Amino acid sequence: MTNVKSSNLGYPRIGEQREWKRELEKFWGGDITEEELLQNTKSVRLAGLRKQQERGIDLIPVGDFSLYDHVLDTSVMFGVIPKRFQEDCSRTPLETYFAIARGMENAVASEMTKWFNTNYHYIVPEFNESKPALKENRPLACYKEAKEELGIEGKPVILGPITFIKLGKGYEKEEFPRLVKELLPLYIQVLQELKAAGVTWVQLDEPIFSTKLSESELYQTKHVYETIAEEVPEIDIIIQTYFESISSYEEIVNLPAAAVGLDFVHGDSLELLRQYGFPNDKILAAGIIDGRNVWRQNLNDQLELLESVSQIVDKERLIVQPSCSLLHVPVTTTTEITLDPVIKDALSFADEKLDEIAILVNGLKNGKERITTKIEESINAIEKLNNSKYREQVHQSDSSKLNVDRDLPFKERIAIQKERLRLPLLPTTTIGSLPQTTEVRTQRLNWRRGDITDLEYEHYIKKEIEKWINIQEDIGLDVLVHGEFERTDMVEYFGEKLNGFLVTKSGWVQSYGSRCVKPPIIFGDVSFNKPMTVKESVYAQSLTEKKVKGMLTGPVTILNWSFVRDDISRFDVLDEIAAALRKEIEELERNGVKIIQVDEPALREGLPLKEEKWQEYLDRAVHAFRLATASVDNSTQIHTHMCYSNFQDIFEAISALDADVISIETSRSHGELISAFEENTYEKEIGLGVYDIHSPRVPSIDEIRSNINRALKTIPFNQFWINPDCGLKTRQEAETIAALKNMVEAAKETRESLLAVQTN
C-alpha cells in the first residue's frame with residue numbers, strides 16, 4: 001500500500017442554499033448584529049469542513065472561507081487598507097472590511113476585477129496608501145477553529161506573496177522588490193505562529209506562476225521562498241498553482257518547498273513533467289479533477305493519467321486533488337431532484353468531485369481492482385449522455401456561409417443612425433437591468449411554483465416595465481431600457497430559452513461579494529427555439545416616443561458564464577450560440593427595435609493566461625460576435641457592454657467587434673481604464689461608466705461631472721455616451737433613481753458647457 005494523500009484546494013463558501021448570502025445581506029440591511037453574522041456564517045463554514053472530513057480528505061483547507069473575497073481578506077490581514085478608509089476610527093474592523101468592498105458615502109469602493117480567467121471578482125489591493133503590518137493572523141484563527149470544533153488538522157490556505165503583490169496596484173514595476181521586502185517578514189510571522197500552533201502543511205496559492213514573470217520577478221520569487229524555507233523550515237509548504245501550466249516551470253518546481261501543486265486539467269503540465277522531470281525531494285500535488293466544470297470525469301482516464309504521472313514521480317510523493325479551488329462550481333447535485341437522470345448522473349459538483357478524488361486515491365493505494373465498480377459507473381454515465389438524444393451533432397452544420405460583415409463601414413452607417421435616432425449630444429442611457437426588488441423576485445417565484453398563472457405574471461411584468469419607462473422619462477434619460485424584470489440572470493435567462501441548455505435548481509456559484517449566479521449547463525446542441533426578448537422590448541417601446549434598447553447577452557459571455565459541454569470544442573459551441581442569437585437579433589429588428597445591445601462583459605475574462613494562445617481566442621470571439629450581429633440593417637445601432645477588464649490587452653479586438661457603441665466600466669477603477677483609450681485611437685462611439693453601481697452610495701453631480709470631464713479629455717464629445725458602469729439589477733429603487741438623476745444632471749451641465757464653448 002502506498003501513502004498517497006488526498007487534498008482539496010478550497011470549498012464553496014455559500015452553503016447548499018446560499019445561507020451565507022442571506023446572512024450577509026441581513027447584516028448589510030441592519031437586520032442582524034455583527035456577532036450574529038459571524039456566528040451564523042461560522043455554521044456554514046463548519047458544515048463545509050465537516051463534509052470534507054466525512055469524505056476522508058487528508059488535507060482539508062482552512063482559511064479559504066471568506067465573508068466577501070479572499071484577496072480582500074489578505075489585504076486587511078496585512079493592513080493594506082486605502083487611506084480613505086482609515087480615517088473613521090468609530091468603525092469596527094469588519095465595517096471597514098465591507099466599506100473597502102462596497103464603498104461609503106464619502107469614499108469610493110476599491111477596484112474590483114476578474115480573478116484570472118474566471119467569473120469570480122476580487123477586490124484589488126491598493127499598495128500606495130498603506131504601510132503593511134500584520135493586523136490579525138486569520139489563517140491561525142481558522143486552523144484553531146477547525147481543530148477545536150471538528151478535530152480537523154487543517155491545511156491553512158494563504159494567497160502567496162508574489163500573486164498578492166502582482167494582483168495589486170498603486171506601485172511602479174521597479175517598486176516590486178520594496179513591496180516584497182515589506183510583506184515577506186509578515187508572511188514569515190504568520191507561518192511561524194502557525195508552526196507554533198502545530199500546523200504541518202500550509203498551502204500558498206500562487207496562480208500568478210501560470211503567467212509570464214520577468215527575470216526580476218523570478219529573482220524576487222526565489223528570494224521569497226528561500227527566505228521562508230530558512231526562517232520556517234518545520235512547516236511543509238505547498239506552492240499551489242492552477243488555471244494553467246507553469247510558465248517558468250524549471251525555476252518554480254525547484255523553489256525550496258515541500259510540494260508543488262500543478263494543474264493537470266488545463267494546460268500542458270504532463271508534457272512539462274515528461275520533458276523536465278520533477279525534483280526528487282518534493283511532493284507533487286496533482287490537480288486531476290476539473291475544479292471549473294461540472295461534468296463527471298472518466299475515472300479510468302484519470303487513473304491512467306495518475307499512473308503516467310507516477311512513472312516520473314513515485315506514488316509515495318503524490319497528492320491527489322482538484323485542479324483548483326471548488327469555489328468555481330456549485331455545492332452538490334443532491335438537490336437537483338428534477339433533472340433527467342441521464343444528465344444528472346453525468347454531473348459532478350463540489351461534493352461529488354471530492355468523492356471522485358477519494359475514489360482515485362483508493363485506486364492508487366490499493367489497486368485498480370478496488371475501484372472497478374466506480375470506474376464503470378463513471379464511464380456508463382458519460383456514455384449514456386454522449387449517446388443520448390441531447391447530442392445530435394448540430395455543431396457540424398456550416399455557419400461559415402453566414403456573413404460576418406455589416407453592409408457599410410462604421411463611418412457611413414453611423415451617419416445614417418444619427419439621422420434616424422436624433423439623439424442629443426452626450427446621450428444618456430443605462431446598461432440594461434433595473435432594480436429587481438423583493439416583490440419582483442417573489443412574483444417570479446410564485447409564477448414558477450404555479451401560484452399565479454402565466455397571464456398574471458405577464459401582467460405584473462408589464463406593470464413593472466410601464467412603471468420604469470415612466471421613471472426613466474421623468475429622470476430625462478435619452479435611450480431607455482425595459483428593465484429585464486422577467487430575467488433572473490443575464491446568462492441563466494437565455495439558458496432557459498435556448499435549446500441545448502439546462503438551468504439547475506440550486507447550482508449557485510459566487511461571482512462577487514454576496515452576488516451568486518447560477519451558470520446554465522450546456523449539455524447538448526445549441527439552437528434557437530423561439531423569440532426570447534421581443535415581447536418585452538416591443539411592449540416597452542409602445543409606451544414611449546424615446547428609443548428603447550433591445551437587450552441580449554452576447555455569445556462569448558454566454559459561453560464563458562456557462563458550464564460548457566466537454567465532448568466538442570468550446571469554439572464549436574461558441575458558433576452555435578452566435579448563430580442562435582443572430583436569429584433573435586433579426587427578430588428584434590423585424591419588430592421595430594432599432595438599438596440592440598449585445599453585452600460581452602466576459603470577453604476579456606476568457607482571454608487565456610498564456611499570451612501565445614490569445615490570438616486564436618480573440619479571433620474566434622470577434623467572429624462569434626460579428627456572426628451574431630452582422631445581419632442587421634445599417635440604420636440599426638448595435639451596442640455592446642464590457643466591465644472590469646484590462647482593455648489594453650484586447651483593444652484591437654474591441655474595435656474589430658464592429659459594434660457601433662461600446663460601454664465600459666471606468667468608475668470602479670477610478671478612471672484608470674481610460675488610459676487604454678488615451679493610448680489608442682478609437683473611432684466608434686463609446687460610453688464610459690461614470691459611476692459605480694456595485695456600491696450603495698449615491699454619487700454627487702460634481703463627482704459624475706468630474707468623471708465625464710476626464711474622459712472628454714481623451715474621447716471626442718461627439719462619440720461620447722453617458723451611462724452607469726453596469727446594470728442596476730442589484731440596487732435599491734431610491735438609490736437608483738437618485739444616482740440616475742445626478743447622472744442626467746451632470747450630463748446636462750456638461751452638454752450646456754460644450755455648446756456654450758462651440759457658440760463662442
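Modeller: Eight strands form an open sheet with parallel pairing, in the order S1-S10-S9-S8-S7-S6-S5-S2. Strands and helices here are DSSP runs (E, at least two residues, for strands; H or I, at least four, for helices), numbered from the N terminus, and two strands pair if DSSP finds at least two bridges between them. At the edges lie strand S1 (5-6) and strand S2 (61-62), each of which pairs on one side only. This is a predicted model, in which local features need pLDDT of at least 70 and side-chain atom pairs count only at pLDDT 80 or more, whereas totals for chains, interfaces and linings use all residues. Residues are numbered from 1 along each chain as its sequence is written, and side-chain values use heavy atoms, with hydrogens and water left out.

Within this sheet, strand S5 (residues 155-159) runs parallel to strand S6 (residues 201-205), and three bridges join them. Ile158 stands opposite Leu204 in S6. Helix H7 (residues 176-196) lies across S5, S6 and strand S7 (236-240), at about 175° to S5. Such angles run from 0 to 180 degrees between N-to-C directions, with axes fitted to C-alpha atoms, for helices over the stretch in contact; contact means heavy atoms within 4.5 Å.

A further open sheet has seven strands in the order S11-S16-S17-S18-S19-S20-S21, again with parallel pairing. Its edge strands are strand S11 (479-481) and strand S21 (720-723), and the twist averages 30° from one strand to the next. Four bridges join strand S18 (residues 637-642) to strand S19 (residues 661-665), and Thr640 stands opposite Ile662 in S19.

As for side chains, the count comes to 47 salt bridges, a salt bridge being a side-chain nitrogen of Lys or Arg within 4 Å of a carboxyl oxygen of Asp or Glu. One of them joins Glu145 and Arg45 at 2.7 Å, N to O. Glu145 lies in helix H5 (residues 138-150) and Arg45 in helix H2 (residues 34-54), so this pair ties together parts that are 100 residues apart in sequence. Both Glu145 and Arg45 are buried, where buried means under 20% relative accessible area, exposed over 50% and partly exposed in between (1.4 Å probe, protein chains only). Another salt bridge links Glu733 and Lys467 at 2.8 Å, N to O. Since Glu733 belongs to helix H26 (residues 733-759) and Lys467 to helix H17 (residues 454-475), the pair ties together parts that are 266 residues apart in sequence. Glu733 is partly exposed at 23% relative accessibility, and Lys467 is partly exposed at 31%.
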